[in-house]
Amino acid sequence: MTAAQDLVPLPEDPLTEVAAAVLGDGHHVVLDLLDVVRHHGGPPVDVVRAGDDLLPRLAHENALEQALLLARQVLRPGGLFVAAVPELDKLGRLRPTAPPPKVSGRGPERQVTVQLWDWAADGESYALEVVRLVRGAGTWEVANTVSTRHRVLSPEQMSASLTDAGFGAVQRLSPAECGHPLPVWVAVAPA
């Protein structure tokens, strides 16, 4: 989502499904965390959402605190911040080089996404390279690659960051509870 939009759960988007389940029926407006700066000063929104690797990337860039403060400011009182955050704090000791590939689509529309991890010596951060493969003329082709660095965020760090930004009712939902492959954090803007 690139701008504030009506909150309509999209297929395979557990973040908006979680927000809709918490807020209930009615007209709700959702904004992606990447769009809060452009929206700042606009009308308050009901939900700010953050995708899978955004918060660890912002943490690595020392921008997480500011992003959470901006998210809280654009939310209406009682609005929700919803974010999927990988929990890799225990993996920092093991330093795996990649999770299993993610396969989506069927037949000629099938795509494979592979992540490659290069861990820092202290296990507190890692370089992430994402490679997306698509079916070409009889072979697989690289559609695109993205490289970033991420800081490992523990559940305790996430809870503290959201609380320090002024959110209340901070809650971590397990993948079984929310339908997302990663834990999802839900926090409420103060009234």
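**Figure 1. Overview of the predicted protein model.** Of the 191 residues of the protein, 40% count as buried, where buried means under 20% relative accessible area, exposed means over 50%, and partly exposed lies in between (1.4 Å probe, protein chains only). The model is predicted: local features need pLDDT of at least 70 and side-chain atom pairs count only at pLDDT 80 or more, while totals for chains, interfaces and linings use all residues. Residues are numbered from 1 along each chain as its sequence is written, and side-chain values use heavy atoms, with hydrogens and water left out. The secondary structure comprises seven helices and ten strands; helices (H or I, at least four residues) and strands (E, at least two) are DSSP runs, numbered from the N terminus. The C-alpha trace spans about 55 × 40 × 30 Å along its principal axes. A compact globule with 191 residues would have a radius of gyration near 16 Å, and the 17 Å of the protein agrees with this; the radius is taken over C-alpha atoms, and the globule rule is 2.2 Å times the number of residues to the power 0.38. Among contacts between residues at least 6 apart in sequence, 57% join residues at least 24 apart, a contact being heavy atoms within 4.5 Å. The protein exposes about 10200 Å², of which carbon and sulfur atoms supply 53%; accessible areas come from the Shrake-Rupley method with a 1.4 Å probe, and for residues only the protein chains shown count as cover.

**Figure 2. Strand β10 and its two pairing partners.** Four of the five residues of β10 (residues 184-188) are buried, and the strand is thus described as mostly covered. Strand β4 (residues 75-84) pairs with β10 in the antiparallel sense over five bridges, and strand β9 (residues 168-173) pairs with β10, also in the antiparallel sense, over four bridges. Two strands pair if DSSP finds at least two bridges between them. Trp185 in β10 stands opposite Ala83 and also opposite Arg172. In a regular strand the side chains alternate between the two faces of the sheet.

**Figure 3. The buried face of helix α4.** In helix α4 (residues 64-74), Leu64, Ala67, Leu68, Leu70, Ala71 and Val74 are buried. Seen down the axis of α4, these buried residues fall within an arc of 160 degrees, so they line one face of the helix; the arc is that of the directions from the helix axis to the C-beta atoms. An α-helix has 3.6 residues a turn, so residues three or four places apart point the same way. The elements against which the buried residues of α4 pack include β2 (29-32), β3 (45-50), α3 (54-60) and α6 (155-164).

**Figure 4. The salt bridge between Asp32 and Arg49.** A salt bridge is a side-chain nitrogen of Lys or Arg within 4 Å of a carboxyl oxygen of Asp or Glu, and by this rule the count comes to four. The side chains of Asp32 and Arg49 meet in one of them (3.2 Å, N to O). Asp32 lies in strand β2 and Arg49 in strand β3, so the pair ties together parts that are 17 residues apart in sequence. Both Asp32 and Arg49 are buried.

Figure 5. Arg38 and Asp35 meet through their side chains in a salt bridge (2.1 Å, N to O). Arg38 is exposed, with a relative accessible area of 64%, whereas Asp35 counts as buried at 6% relative accessibility. The side chains of Asp46 and Arg76 also form a salt bridge (2.4 Å, N to O). This pair links distant parts of the chain, with Asp46 in strand β3 and Arg76 in strand β4, 30 residues apart. Asp46 is buried, with a relative accessible area of 11%, and Arg76 counts as partly exposed at 25% relative accessibility.
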